[in-house]
Each structure stands twice: as C-alpha cells, then as structure tokens.
Amino acid sequence: MSASNTFSKAELVTAISVSFGAAAVGVLIYKTFCNKDKCVKPKVNLDLQKDNPKVVHAFDIEDLGDKAVYCRCWRSKKFPYCDGAHAKHNQETGDNVGPLIIKRKEA
C-alpha cells in the first residue's frame with residue numbers, strides 16, 4: 001500500500017475524537033431542547049374527528065347485542081368499531097394492539 005492511501009495514527013485519532021465530540025454535542029443539544037415537557041410526542045389519533053377537542057364514545061350495554069368489537073389502534077375506517085386495521089399497524093410498527101371485545105356472558 002502506498003502512504004497516500006492510509007491514515008496516519010494521528011489522523012485516525014483526530015477523526016475519532018471529532019466523531020465522539022460531535023455525538024456528545026448532539027446529546028447535549030437533545031437533552032437541552034427536548035426534555036420531557038418540551039418534546040413533541042407522536043400522536044395516536046392521526047385523522048379521526050380532529051375537529052373535536054376530545055374523541056369520546058359512550059354506549060348503553062342494552063344496545064350492544066351479544067358482542068361488540070371496538071378499535072384501540074385508531075386506524076379503523078369504521079371507528080369506533082374494529083375493522084382489523086390493527087393487523088397492518090402491528091406489522092408496520094411492531095406493536096401488539098388488538099381490539100376491545102365486549103360480549104354478553106352466557107347464562
């Protein structure tokens with residue numbers, strides 16, 4: 001190998017030092033500007049009833065019939081009912097969310 005194709009020990013030490021220094025500055029900036037109170041957290045509800053300050057649904061037990069299946073991933077096109085969208089969500093994100101199933105107790 002020619003000398004022009006290799007790093008000298010001093011160049012290698014300098015490159016590593018600069019890399020660690022940049023990483024340390026990045027961590028300090030992150031901790032300074034992105035503490036628990038200031039960071040933007042990802043939203044669960046991406047597009048359902050965004051004009052409402054809070055999405056709430058209430059159902060009477062008598063009106064449910066024998067079984068009701070409700071969405072908990074916020075991706076269902078039939079929200080608040082589950083349409084199975086959690087399966088795609090789980091595959092894409094590695095999450096493990098499933099529906100809320102309410103059924104009458106058999107007598």
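This is a predicted model: local features need pLDDT of at least 70, side-chain atom pairs count only at pLDDT 80 or more; totals for chains, interfaces and linings use all residues.
I started with S76, which sits in the loop between β1 (67–70) and α2; helices (H or I, at least four residues) and strands (E, at least two) are DSSP runs, numbered from the N terminus. S76 counts as buried because its relative accessibility is 3%. My cut-offs: buried is under 20% relative accessible area, exposed is over 50%, and partly exposed is in between (1.4 Å probe, protein chains only). I also checked S76 against H86: ten residues apart in sequence, their C-alpha atoms are 7.6 Å apart in space.

Residues are numbered from 1 along each chain as its sequence is written, and side-chain values use heavy atoms, with hydrogens and water left out.

Backbone next. Most residues other than glycine have a negative phi, and most peptide bonds are trans. I found W74 with a positive phi, near 70 degrees, in the loop between β1 and α2. W74 is partly exposed, since its relative accessible area is 21%. P80 has its place in that loop between β1 and α2 too, and a cis peptide bond joins F79 to P80, with omega about 15 degrees. Q49 has a positive phi near 50 degrees and is found in the loop between α1 and β1.

Then the largest pocket. I used a 1 Å grid over the protein atoms alone; a pocket is an open set of points where a 1.4 Å probe fits, with protein on both sides within 12 Å along at least five of seven lines, and lining residues have an atom within 4 Å of a point. About 190 Å³ of space lies in it, a volume being the space filled by probe spheres set on the points. W74, F79 and P80 are among the lining residues, as are H57, Y70 and R72.

How many salt bridges does a search of the whole structure find? I got one, taking a side-chain nitrogen of Lys or Arg within 4 Å of a carboxyl oxygen of Asp or Glu. The side chains of K88 and E92 make it, at 3.9 Å from N to O. K88 and E92 are about one helical turn apart because they are four residues apart in helix α2 (residues 85–93). K88 counts as exposed at 54% relative accessibility, and E92 likewise counts as exposed at 58%.
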